[in-house]
Amino acid sequence: MKLLQFDFNHGRLDQSTHPFCGGVPSDVRITTRYNEAEFTQSLMGIVHETGHARYEQGLPKAFAGNPVGHARSMGIHESQSLFFEMQLGRSAPFIEHLATLAQQHFSANESAVFAADNFQKLYTRVEKGFIRVDADELTYPAHVILRYEIERDLMNGHIKHTDVPELWNKKMGAYLGLSTAGNYQNGCMQDIHWTDGSFGYFPSYTLGAMYAAQFMATMKQGVDVEAAIARKDLSPIFTWLNDNIWSQGSLLTTDELVKQATGEVLNPVHFKAHLVSRYLA
């Protein structure tokens with residue numbers, strides 16, 4: 001969080017069952033969860049939530065308390081957390097930094113486990129799974145599409161809530177080759193969104209991933225991102241984000257914001273190029 005320039009005078013980190021970011025720009029609270037048998041997930045949970053927090057901390061203070069001073073949308077909010085996690089956090093130079101930190105804190109006898117190349121494999125591993133929050137960035141959109149399609153059909157009255165478990169199982173089989181028959185915990189009951197009324201939120205995650213890739217592609221035209229990460233001074237990266245995203249608040253529509261920052265509205269070609277580069281290069 002220090003490397004990511006989180007402002008600890010206006011926020012803090014705690015533990016919770018599920019990682020989240022909340023509060024107000026002048027007091028941002030983020031959480032993560034820990035697994036003592038496997039710490040790598042908590043690291044990326046912190047990186048992800050710090051992205052949310054930096055966006056909140058960077059919103060225009062002159063407009064604090066007014067609608068125009070709020071975050072543009074949850075799609076843009078998720079773009080910032082996923083920019084931090086997927087574009088920065090899982091990049092080779094950032095993973096090298098994490099590997100160095102791990103080597104400093106764990107036994108020298110386990111140095112091979114914490115070698116940068118092994119960390120790279122851990123953080124770019126692709127595996128089909130039941131749980132959305134644990135999914136890699138390649139399979140994650142399938143989880144989002146599944147939920148969106150069920151939400152859409154519920155809202156339009158094409159299905160009933162009692163149809164959800166069976167429909168969920170069918171879609172998991174079609175999209176990921178997995179069965180959740182009779183397994184509500186790893187199926188339709190795993191997320192908090194529907195129980196707290198957040199219908200329509202899930203697409204924000206994949207929209208955010210696409211926005212994040214587009215922001216990075218544009219940023220790299222004027223910022224040596226890898227060099228900044230390697231020297232552990234991410235200021236040029238955050239200056240770009242602040243100038244183009246954070247400080248804009250809700251002054252512009254989402255399309256206007258993205259076009260002003262990148263020269264075009266959302267274009268999924270950048271997300272595809274990112275995936276090809278990382279997983280097929």
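## Alanine 228 and helix α8

Alanine 228 belongs to helix α8, which spans residues 225-230; helices (H or I, at least four residues) and strands (E, at least two) are DSSP runs numbered from the N terminus. This is a predicted model, in which local features require pLDDT of at least 70 and side-chain atom pairs count only at pLDDT 80 or more, while totals for chains, interfaces and linings use all residues. Residues are numbered from 1 along each chain as its sequence is written, and side-chain values use heavy atoms, with hydrogens and water left out.

With a relative accessibility of 0%, alanine 228 counts as buried. Buried denotes under 20% relative accessible area, exposed over 50%, and partly exposed the range in between (1.4 Å probe, protein chains only). Leaving aside residues up to four places away in sequence, alanine 228 touches Asp233, Leu234, Pro236 and Ile237, a contact being heavy atoms within 4.5 Å. Between alanine 228 and proline 93 the C-alpha to C-alpha distance is 9.2 Å, although 135 residues separate them in sequence.

## Overall architecture

Along the principal axes, the C-alpha trace spans about 55 × 55 × 35 Å. Of the 281 residues in the chain, 47% are buried. Among contacts with a separation of 6 or more, 61% join residues 24 or more positions apart.

## Nonpolar cores

In soluble globular proteins, nonpolar side chains tend to be buried together. A nonpolar core is here a set of buried Ala, Val, Leu, Ile, Met, Phe, Trp, Tyr and Cys residues joined through side-chain atoms within 4.5 Å. The largest such core contains 47 residues, and Phe83, Leu88, Phe215, Ile237, Phe238, Leu241 and Ile245 have the most contacts inside it. Helix α7 supplies the largest share of this core, eight residues. Another core, of 18 residues, lies apart from it and includes Ala135, Leu176, Trp194 and Tyr205.

Beyond residues up to four places away in sequence, leucine 88 touches Phe83, Phe94, Met216, Val225, Ile229, Leu234, Ile237 and Phe238. Glutamine 87, in helix α2, is likewise buried, with a relative accessible area of 9%.

## Aromatic pairs and charges over rings

Rings of Phe, Tyr and Trp (its six-membered ring) pair when their centres lie within 6.5 Å; planes under 30 degrees apart are stacked, over 60 edge-to-face, and the rest tilted. The count comes to 17 aromatic pairs. Tryptophan 168 and tryptophan 194 form an edge-to-face pair, at 6.0 Å centre to centre and 90° between the planes. This pair links distant parts of the chain, 26 residues apart: tryptophan 168 in helix α6 (residues 164-176) and tryptophan 194 in the loop between α6 and α7. The rings of tryptophan 194 and phenylalanine 199 are stacked, because their centres are 5.9 Å apart and their planes lie at 10°. Tryptophan 168 is buried at a relative accessible area of 1%, whereas phenylalanine 199 is partly exposed at 37%. One aromatic cluster is formed by Tyr140, Trp168, Trp194, Phe199, Tyr201, Phe202 and Tyr205.

A charge sits over a ring if NZ of Lys or CZ of Arg is within 6 Å of the ring centre and within 35 degrees of the ring normal. The charged end of arginine 147 is placed over the ring of phenylalanine 202, 5.4 Å from its centre. Arginine 54 lies over the face of phenylalanine 238, at 4.7 Å from the ring centre.

## Helix α10

Within helix α10 (residues 254-262), the buried residues are Thr254, Leu257, Val258, Ala261 and Thr262. They cover an arc of only 100° around the axis, which puts them on the same side of α10; the arc is that of the directions from the helix axis to the C-beta atoms. These buried residues pack against α2 (74-89), α7 (203-219) and α9 (235-244). On the face turned away from the buried side are the exposed residues Lys259 and Gln260. Just after α10, glycine 263 adopts a positive phi of about 90°.
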